[in-house]
Amino acid sequence: MATAAATAPMQQQTSPPGLRVVYTALVPPCLSASSCSAPPPESSLPLTFFDIIWLRSPPVERVLLYRLAADADVAAIFSSLRDSLSRAVRAFYPLAGRLRLAPGTANRYELHYRPGDGVAFTVAEYDDVDFDSLAADDPKEVAAKIAPLVRPLPQGGAVLALQATLLSARLGRGLALGVSVHHAACDGAASTHFLHTWAAACRGGAQAPPPPVIGRSLLDDPRGLYDVFCQAIAPSTETPVHGIKMFPDQLLATFTLSMADLQRCERQPKLWKRSHLPEEAAYMYLYGIGIAPIVAYKVYHIVIDLAGYFPIQEI
């Protein structure tokens, strides 16, 4: 499958030593006539009161790591990622569009797509970082080793940018897939849905997840929450945020809580009444608040298995 090789207008970013950008392509929804019909028509998807509060927020950035075999065909992997991305974007074509202020309005924002739009896909090589060091629990420098694996959103209102990086072959070969998505365009469930669709298309022959529901007719706003939330965000004259600022001394590490640790948390006095948070999460959150003045870092990422706390009844 052939995809466009147009260069996406990327925000200026200083690459660390050892990182080499091979190319950046603008991948539109399904250019191959043999597997897809004509591109989606021009359309606009209005933001709702769920979306508008994230308009001026930095993008959500994730890095997915994959170990590669020594004899893996890297060129074929990159080609497959790019071609399957075109098919995945077909189902999620608004993500190829741009956020903009709707013409003739003062505060009505929309996700506008037109034929020719696409998602920025970057291929890079990183000689100084390997799979094993990134996957280890030990502290690692975010600005020097992790942040370069994710590209900032292109200028002009783009809502999705992807980067596939070949990690050092001499230290521990692997592939890092960086995802940067604007929260106003989709939430965590929708972005994960997109990644699952892309993965199914890349595997080939795998059953793809059901397509997303694209539309806003099911959402009503009788209380005018859109206007309330819109007044609370920064003025439209403020420069939009395309990436997350990283401090040079910021570290990322993984800490594993043993069964004994969890049991000690359960024996702690109840922190508040009627809390539906697992006690372990509440404990870690309060601990984070306690050390915040020391590390000057006030964003908490708590990953915990909640399956046992929210029973789901089969229908």
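Predicted model: local features only at pLDDT ≥ 70, side-chain atom pairs only at ≥ 80, totals over all residues.
Local features need pLDDT of at least 70 and side-chain atom pairs pLDDT 80 or more, while totals for chains, interfaces and linings use all residues. Residues are numbered from 1 along each chain as its sequence is written, and side-chain values use heavy atoms, with hydrogens and water left out.

**View A. Helix 1, residues 74–91.** Helices here are DSSP runs of H or I with at least four residues, strands are E runs of at least two, and both are numbered from the N terminus. From first C-alpha to last, the 18 residues of helix 1 reach 26 Å, close to the expected 26 Å (1.5 Å times one less than the number of residues). At the N-terminal end sits a cap: a side-chain oxygen of Asp 73 lies 3.4 Å from the backbone nitrogen of Ala 75.

**View B. The buried side of helix 1.** Buried residues (under 20% relative accessible area, 1.4 Å probe, protein chains only) include Phe 78, Leu 81, Arg 82 and Asp 83. The buried set packs against strands 1, 6, 8 and 9, plus helix 4 (188–203), with contact meaning heavy atoms within 4.5 Å.

**View C. The second largest pocket.** Of its 23 lining residues, Ala 185, Cys 186, Ala 190, Val 213 and Arg 216 lie nearest the centre. The lining splits into 16 nonpolar, four polar and three charged.

**View D. The largest cavity.** Arg 62, Leu 95 and Leu 160 are among the residues lining this cavity. Helix 4 gives the largest share of the lining, three residues.

Methods. Buried < 20%, exposed > 50% of the residue type's maximum accessible area, 1.4 Å probe, protein only. Polar contact = N/O pair within 3.5 Å; in protein donor to acceptor, adjacent residues only side chain to side chain. 1 Å grid on protein atoms, 1.4 Å probe; cavity = no way out; pocket = protein on both sides within 12 Å on 5 of 7 lines; lining within 4 Å. Nonpolar A, V, L, I, M, F, W, Y, C, P; charged D, E, K, R; others polar. Points joined across faces, edges and corners; volume = space filled by probe spheres on them.
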